[in-house]
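Here are my notes on the model you sent over.

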Amino acid sequence: MHISICVKEILDFLQIQPGQRGLDATLGYGGHTLEMLKCLKGEGHIYGLDVDPIESEKTKERLKKQGFGEDILTVKLLNFRNIDQVAEEAGKFDFVLADLGVSSMQIDNPERGFSYKVDGPLDLRMNPQKGISAAQRLKEVTQEELYGMLLENADEPYAEEISKAVIRQRRIRPVETTTDLKQVIEQALSFIPEKERKEAVKKSCQRSFQALRIDVNSEFEVLYDFLEKLPQVLAPNGRAAILTFHSGEDRLVKKSFKQFYKEGIYSDISKNVIRPSQEECARNSRARSTKMRWAIRAQEI
């Protein structure tokens, strides 16, 4: 079951009014979209973007059954780096949301390879019909590239040990499944004292899968493009909220917001990150790493 994060905080900030035009740049399960649609009270329109052809169709049907059809919701199979294309068709947006987390449906589906906890093909692509899988990437990557990937995309403290172990394993047979990669990480960290090893392996698995996912989906490049185009698609006084889930993403968002604020393109930005409440984190462990930042476009640029 997917649980949307920071719903109250997002709605409190976006201040959605009936008749407005909005964009959910990362549709996912549609939990945030549903709550934003309710705020429109049948007037206005929301566009939802997703690169996942499997889940976006399910979400579209789910929302349609709840009374939100094409008259008020348009779902597009599009990467959110292309928000300018949507704005050309739809016009500028009064509010924009981007939730950069991977949805629970993707994580919990063994065929997608997002989790080290269940065995499955090491894929990790948001759109499994495009690009190369993580397994293919590990067949081609050099030890130096993998070391850099683990360090830059996930701050992995054992990046050197894990990258060397992957290359060693590759000489014997390819790392093709989630279990293969988990076992390589376990071997790489075998030098850690036994009482500390289980927790260390768990965290390194989480970080390594994250690093690979970011790489195969070009997530930093996509986010950079999105942030650069965001002011252009916002209407005057339009509001944007972004949820991030690791420090690399948050750094990019913070830097972009500060730069455009300094240039007078945003009239206001969040000075500090907004975190989910303790109660929400207790209900949903996936909320713990969430950071929210917001920006308001200036009335005139």
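The points below go through the sheet, then the helix pairs, then a few single residues.

1. First, a reminder that this is a predicted model. Please keep that in mind for everything that follows.

2. I'd start with the sheet. It is open and has seven strands, which come in the order E3-E2-E1-E4-E5-E7-E6 with mixed pairing. The edges are taken by strand E3 (73–77) and strand E6 (266–269); each has a single partner strand, so one side of each is left without a neighbour in the sheet. Going from one strand to the next, the twist averages 15°.

3. Now the E1 and E2 part of the sheet. Strand E1 (residues 21–24) and strand E2 (residues 45–50) run parallel and are joined by four bridges. If you want a landmark there, take Arg21, which stands opposite His45 in E2. Helix H3 (residues 53–65) packs on the sheet and touches E2 and E3. The direction of H3 makes about 170° with that of E3.

4. Strand E5 (residues 234–244) deserves a paragraph of its own. How many of its 11 residues are buried? Nine are, so E5 is largely enclosed by the rest of the structure. On one pairing, E5 goes with strand E4 (residues 93–99) in the parallel sense, over six bridges, and Phe95 stands opposite Arg239 in E5. The pairing of E5 with strand E7 (residues 291–297) is antiparallel, again over six bridges. There, Ala240 has Ala295 in E7 as its bridge partner.

5. The axes of helix H8 (residues 159–172) and helix H9 (residues 178–188) come within 9 Å and cross at roughly 120°. That angle makes H8 oblique to H9, and the crossing is right-handed. From H8, the contact takes in Glu161, Ile162, Ala165, Val166 and Gln169; these meet Leu181, Val184, Ile185, Gln187 and Ala188 in H9. By class, the residues of this contact divide into seven nonpolar, two polar and one charged.

6. Next, helix H7 (residues 143–154) and helix H10 (residues 194–216). Their axes are 8 Å apart and the helices pack at an angle of about 95°, so H7 and H10 are roughly perpendicular to each other. H7 brings Met149, Leu150, Asn153 and Ala154 to the contact, while H10 brings Arg207, Ser208, Gln210, Ala211, Leu212, Ile214 and Asp215. The residues of the contact of H7 with H10 divide into six nonpolar, three polar and two charged.

7. The last pair on my list is helix H11 (residues 219–233) with helix H12 (residues 247–262). Here the packing angle is about 20° and the axes are 10 Å apart. H11 and H12 are therefore roughly parallel to each other, and their crossing is right-handed. On the H11 side the contact is made by Glu219, Phe220, Leu223, Leu227, Glu228, Leu230 and Pro231; on the H12 side, by Gly248, Glu249, Leu252, Val253, Ser256, Phe257 and Phe260. Sorted by class, the contact of H11 with H12 has nine nonpolar, two polar and three charged residues.

8. Two backbone spots to look at. Gln15 is not a glycine, yet has a positive phi of about 50°. Gln15 is placed in the loop between helix H1 (7–14) and E1, and with 44% relative accessibility counts as partly exposed. Leu124 is not a glycine either, and has a positive phi of about 70°. You'll find Leu124 in the loop between helix H5 (104–107) and helix H6 (134–140). Is Leu124 buried or exposed? Leu124 is buried, at a relative accessible area of 1%.

9. Glu9 lies in helix H1. The C-alpha atoms of Glu9 and Pro276 are separated by 7.9 Å, although the two residues are 267 residues apart along the chain. Which residues is Glu9 in contact with, leaving aside its neighbours within four places in sequence? They are Ile274, Arg275, Pro276, Ser277, Glu280 and Met292.

Definitions and conventions. Residues are numbered from 1 along each chain as its sequence is written. This is a predicted model: local features need pLDDT of at least 70, side-chain atom pairs count only at pLDDT 80 or more; totals for chains, interfaces and linings use all residues. Side-chain values use heavy atoms; hydrogens and water are left out. Two strands pair if DSSP finds at least two bridges between them. Axes are lines fitted to C-alpha atoms, for helices over the stretch in contact, and angles run from 0 to 180 degrees between N-to-C directions. Contact means heavy atoms within 4.5 Å. Angles under 35 degrees count as roughly parallel, over 145 as roughly antiparallel, 65 to 115 as roughly perpendicular and the rest as oblique. A crossing is left-handed if the near helix is turned anticlockwise from the far one by less than a right angle, and right-handed if clockwise. Ala, Val, Leu, Ile, Met, Phe, Trp, Tyr, Cys and Pro count as nonpolar, Asp, Glu, Lys and Arg as charged, and the others, Gly among them, as polar. Buried means under 20% relative accessible area, exposed over 50%, partly exposed in between (1.4 Å probe, protein chains only).
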